[in-house]
Amino acid sequence: MGMTMTQKVLAAHAGLDKVHSGQMIMAKLDLVLGNDITAPIAIEEFEKAGMVTVFDKSKIALVPDHFAPNKDIKSAENCKLLREFSREMDIENYFEIGQMGIEHALIPEKGLAVPGDVIIGADSHTCTYGALGAFSTGVGSTDMAVAMATGEAWFKVPEAVKIVLRGKMGKWVSGKDVILHIIGMIGVDGALYQSMEYCGEGVANLSMDDRFTIANMAIEAGAKNGIFEADDRTLKYVSEHSKRVPVVFKADKDAKYSRVIEIDLAAVKPTVAFPHLPENTRSIDEIGDIRIDQVVIGSCTNGRLEDLRMAAKVLKGNKVDQDVRAIIFPATQRIYLQAMREGLLEIFIEAGAAVSTPTCGPCLGGHMGILAKGEKAVSTTNRNFVGRMGHTESEIYLASPAVAAASAITGKISSPEEVIK
Amino acid sequence: MINGRVFKYGDNVDTDVIIPARYLNITDRAELTSHCMEDIDSEFIMKVKSGDLIAAGKNFGCGSSREHAPMVIKLSGIKCIIAETFARIFYRNAINIGLPILECPEAAKDIEDGDRIEVDLNSGLITNITKGHIYRAESFPEFMQNIIKAEGLINYIKVKAGSL
């Protein structure tokens with residue numbers, strides 16, 4: 001029996017010719033990642049265990065992004081711990097404020113993830129790098145601590161859901177709508193313990209930013225990872241960002257899947273996930289009249305350049321509703337700079353939106369846009385759990401940058417077509 | 001042998017309600033634990049006693065990878081979580097910190113809030129003393145059993161290194 005894409009990547013890193021689903025393996029890691037929330041515990045465990053050196057100072061990345069720039073004294077202490085550990089261990093990929101970005105936008109941009117890699121990160125959205133044809137998955141702080149010392153991690157080889165994409169997305173539809181549509185179909189545990197493997201001729205019609213968004217939210221379907229087979233577009237992206245050599249793995253023709261789903265990209269409509277689960281999806285024409293208090297455009301899901309371009313296209317020449325606070329977070333310094341050069345930031349500010357330095361901030365209810373009791377937000381982030389962005393009685397509606405921007409203008413959840421005729 | 005009272009919850013209990021992100025800047029573990037389950041059950045931390053258990057439905061621990069979630073549950077005195085299924089990062093984290101978790105849909109569906117439960121981790125047998133029902137959970141692969149026995153991955157690695 002053949003292997004899936006994920007199984008092939010894992011087998012290669014475990015030094016095995018073949019692996020099968022359910023098998024326990026130890027795999028060599030190409031990158032170990034942590035942030036200012038998860039790495040402090042990992043560093044504590046690392047030291048408690050008496051570990052003194054890291055396995056490879058070029059294969060560890062530490063990014064203060066969640067409560068950074070430091071939101072309070074406790075957060076400042078955590079970021080300081082990352083900084084000092086990085087200095088002590090001579091870690092090459094520590095990204096200070098001014099260089100940093102939201103980790104999952106930053107790592108591909110810095111060329112630290114390439115096709116064929118096995119990557120773990122103490123952050124659930126580490127699955128983002130599957131967009132590049134890497135196996136990447138979220139773990140906890142203890143896994144991170146051990147991996148920093150040994151360069152290895154244990155895995156149970158997953159089976160996979162095969163998602164065949166056909167056709168081309170319509171106007172105002174983006175990767176966010178596609179992944180929300182899929183999660184709506186299969187549920188928040190629809191791919192539990194499994195890989196989501198994307199294939200089909202429709203993949204060629206998806207930009208890298210669309211693929212990053214789709215892979216990013218694999219965890220919201222319970223998946224271990226989401227993965228796209230690397231194609232010409234992937235290899236071009238990698239050659240522009242990394243000096244490392246990509247290794248392209250393809251699924252065997254006779255690979256076995258637990259389930260096969262076909263998606264016609266042309267039939268996907270702008271999609272919104274209602275509180276309090278990402279699976280509570282409705283297409284834009286089934287929304288009704290929902291007034292909102294805040295719009296957030298950004299995060300590891302949707303803070304990339306194409307997301308900002310899409311938001312600017314909708315906001316250009318329009319004004320944010322007087323009852324709405326619109327906050328926009330370019331995901332990295334490089335994206336921020338490019339958005340400035342393209343005039344996107346000017347469009348946002350002229351429209352009455354606030355533009356912030358990169359941070360995970362409001363996505364997890366950290367800072368920079370917390371919701372009060374009873375408030376509603378349209379957000380391009382990834383989770384709408386109870387209390388995720390603030391008060392337990394606030395509500396989050398997950399959507400694409402285009403829908404979020406349109407909603408900022410009208411003050412209610414809206415289709416971009418309502419504001420751009 | 002684990003023997004205690006059950007706190008019962010539903011499906012998709014996420015790590016944001018187990019330990020809200022607004023507390024993740026706290027490094028003092030006792031202070032962090034005082035907020036355990038706060039956004040789903042504000043009385044949990046007042047009521048929980050060492051030896052108690054949690055039972056829940058599908059996809060327990062979904063969402064963020066924060067290890068703070070199983071950590072505060074363990075520090076609150078909970079000795080075992082029984083669920084229909086667990087989100088995979090939570091599952092990993094619980095094993096890695098030595099918090100026993102059992103997947104047993106039959107038990108997870110039948111057990112009610114306040115039931116007295118006995119768990120034998122070696123056999124995977126779960127006894128509902130209140131109802132007089134017995135359920136059998138799937139046993140862990142040997143590799144995971146060894147991590148749990150060592151009370152977590154760090155100790156497991158230490159023991160393995162020491163035996164070389």
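Biologist: What is the strand order in the open sheet of 5 strands in chain A?
Modeller: The order is β4-β3-β2-β5-β6 in chain A, with parallel pairing. Strands here are DSSP runs of E with at least two residues, helices are runs of H or I with at least four, and both are numbered from the N terminus. Two strands pair if DSSP finds at least two bridges between them.

Biologist: Before we go on, what kind of model is this, and how are things numbered?
Modeller: It's a predicted model, where local features need pLDDT of at least 70, side-chain atom pairs count only at pLDDT 80 or more, and totals for chains, interfaces and linings use all residues. Residues are numbered from 1 along each chain as its sequence is written, while chains are lettered from A and ligands numbered from 1 in the order in which they are written.

Biologist: Fine. Back to that sheet: which strands stand at the edges?
Modeller: β4 (93–94) and β6 (135–138) of chain A do; each has a single partner strand, so one side of each is left without a neighbour in the sheet.

Biologist: And how many bridges hold β5 and β6 of chain A together?
Modeller: β5(A), residues 118–121, pairs with β6(A) in the parallel sense over 4 bridges. A:V118 has A:F135 as its bridge partner in β6(A).

Biologist: Are the β14(A) side chains buried or exposed?
Modeller: Buried, on both sides: from β14(A), residues 294–297, A:Q294 and A:V296 point one way and A:V295 and A:I297 the other. Buried means 20 or more other C-beta atoms within 10 Å of the residue's own, exposed means 12 or fewer, and partly exposed is in between, with C-beta atoms placed from the backbone.

Biologist: What about β3 of chain B, which residues are on each side?
Modeller: In β3(B), residues 80–83, B:C80 and B:I82 are on one side, B:I81 and B:A83 are on the other, and all are buried. β2(B), residues 53–56, pairs with β3(B) in the parallel sense over 4 bridges, and B:L53 stands opposite B:C80.

Biologist: Helices now. At what angle do α2 and α5 of chain A pack?
Modeller: About 55°, with the axes of α2(A), residues 39–48, and α5(A), residues 141–150, lying 8 Å apart. Axes are lines fitted to C-alpha atoms over the stretch in contact, and angles run from 0 to 180 degrees between N-to-C directions. The two helices are therefore oblique to each other; under 35 degrees would count as roughly parallel, over 145 as roughly antiparallel, 65 to 115 as roughly perpendicular, and the rest is oblique.

Biologist: Which residues of α2(A) and α5(A) meet?
Modeller: A:A39, A:I41, A:A42, A:E45 and A:F46 in α2(A) meet a set in α5(A) that includes A:M144, A:A145 and A:M148. Contact means C-beta atoms, placed from the backbone, within 7 Å.

Biologist: OK, the interface. How many residues of each chain are in contact?
Modeller: 35 residues of chain B touch 41 residues of chain A. On the chain B side, α1 (15–18), α5 (88–97) and α8 (153–163) each supply at least two residues, and α5(B) has the largest share with 6 residues.

Biologist: Last topic: where are the cis peptide bonds?
Modeller: One joins A:A68 and A:P69, with omega about -10°, and A:P69 is in the loop between β3 (60–63) and α3 (73–89) of chain A. Another joins A:P275 and A:H276, with omega about -5°; A:H276 lies in the loop between β12 (271–273) and β13 (281–283) of chain A.

Biologist: And what is phi at A:D90?
Modeller: Phi is near 60°, a positive value in a residue other than glycine. A:D90 sits in the loop between α3 and β4 of chain A, and is exposed, with 11 other C-beta atoms within 10 Å.

Technical notes:
Two residues are in contact if their C-beta atoms, placed from the backbone, lie within 7 Å.
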